[in-house]
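Colleague: I have a structure open and would like to go through it with you. Can we take it piece by piece?

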Amino acid sequence: MSVLLSSVNGVAASLIATLFPSDCRLCGTPLTNISRLPVCQACLIAIRPIAGGTCSVCGERRLSPHDFAAGQDEARCGLCQRLAPPFSKAVAYGSYDGGLRELIHLLKYEQVRPAATAPGRMLAEAIAGLESASASSLAQTPLAVVPVPLHARKRRQRGFNQSELIVRSALKVSRVSGRLALHAGVLGRRRETQSQTGLTRHPRRENIRGAFVVARPEQIAGREVLLVDDVFTTGTTVSECARVLRRAGASKIYVATVARTLKADAKDATLLRNFGVAGQTEPGKTEREGTEHAKTLAAAG
Ligand SMILES: [Zn+2]
Ligand SMILES: [Zn+2]
């Protein structure tokens, strides 16, 4: 009997091992819970929202004391003071490094679809923050949600558009208001662009110009648009999308991404302290809050 039972357990265990990855895809630790998301709790806990002061327009971390000249709500980074971007406000959940970067790569380059769930919840948090920050207009009007598209060939290759997958997951989260309606086919990508990685701002703009087209202008004409993407690097891609959407009649563009490239890493605490930026989570609170945070992120996993 016990032999039979243990062989049944063995079969079940190997079945589970076949159906579900046994190790965390980020750190390699064996997973204890069965989850469609092959990432452990510790790795999810380590992914934290951007802390400290950010530019009220583009979301870049504010490091220069000049950036603090205006009030907290109005503060702009040097770049946004010099030239206004074609969008009203861009928000991001976390810094594009460490675990968050790996999680996004797991989805994009290893096609692990369940890896869209946690970024979806992070995007939902970023959108909720955007809604509370722009309470006067954003919370009142229905928003057309437009994911940054991939070129058809790349989409076929990957099997999905990660931005669309992430935003679909985000829209299922209760914190996101019912005023958001997904319009996935509004933007099209008519030209494949060379990878933006390694290009500086100016060549990036040249590379992306003319790449996007508004396929269904009637869906956004006269409306406020929430443009969503996985990563905000220099803002070239979302700025080009915002430009064509504005030209097609969108009244206002907001941007929300899961991650953002930041000027300085959060761990560079000395630099941040020198400029008066508040530190990360208080010690002692980190673990409990982190666990709650990870539960929220993993809930739908
Ligand atoms: Zn892990
Ligand atoms: Zn800025």
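Colleague: Where is the place of Q111?

Modeller: Q111 sits in the loop between α4 (98–108) and α5. Helices (H or I, at least four residues) and strands (E, at least two) are DSSP runs, numbered from the N terminus. This is a predicted model, in which local features need pLDDT of at least 70 and side-chain atom pairs count only at pLDDT 80 or more, while totals for chains, interfaces and linings use all residues. Residues are numbered from 1 along each chain as its sequence is written, and chains are lettered from A and ligands numbered from 1 in the order in which they are written.

Colleague: What is phi of Q111 near?

Modeller: Phi of Q111 is near 50°, a positive value in a residue other than glycine. Most residues other than glycine have a negative phi.

Colleague: And how many C-beta neighbours does Q111 have inside 10 Å?

Modeller: Q111 has 13 C-beta neighbours inside 10 Å, so it counts as partly exposed. A residue is buried if 20 or more other C-beta atoms lie within 10 Å of its own, exposed if 12 or fewer, and partly exposed in between; the C-beta atoms are placed from the backbone.

Colleague: On to α5. Is it mostly covered or mostly uncovered?

Modeller: Mostly covered: 13 of the 17 residues of α5 are buried. The helix runs over residues 117–133 and reaches 24 Å from its first C-alpha to its last, close to the 24 Å expected at 1.5 Å a residue. That expected span is 1.5 Å times one less than the number of residues.

Colleague: At roughly what angle do the axes of α5 and α7 cross?

Modeller: The axes of α5 and helix α7 (residues 162–171) cross at roughly 65° and come within 7 Å. Axes are lines fitted to C-alpha atoms, for helices over the stretch in contact, and angles run from 0 to 180 degrees between N-to-C directions. The two helices are therefore roughly perpendicular to each other. Angles under 35 degrees count as roughly parallel, over 145 as roughly antiparallel, 65 to 115 as roughly perpendicular and the rest as oblique.

Colleague: Which residues in α5 and α7 meet?

Modeller: From α5, T117, P119, G120, L123, A124 and I127 meet I166, V167, S169 and A170 in α7. Two residues are in contact if their C-beta atoms, placed from the backbone, lie within 7 Å.

Colleague: Now α8 and α9. How do those two lie to each other?

Modeller: Their axes come within 9 Å and cross at roughly 45°, so α8 and α9 are oblique to each other. R201, R204, R205 and I208 of α8 make the contact with T236, T237 and E240 of α9.

Colleague: What do the buried residues of α9 pack against?

Modeller: They pack against several elements, including β1 (89–95), β6 (224–232) and β7 (252–260). Just after α9, G249 takes a positive phi of about 110°.

Colleague: Which strand is D229 found in, and what does D229 touch?

Modeller: D229 is in strand β6. Not counting residues up to four places away in sequence, D229 touches V148, S163, T237, V238 and T257. With 25 other C-beta atoms within 10 Å, D229 is buried.

Colleague: Last topic. Where does pLDDT stay under 50?

Modeller: Over residues 269–301. pLDDT is the predictor's confidence in each residue, from 0 to 100. The protein chain averages a pLDDT of 81, and 72% of the residues score at least 70.
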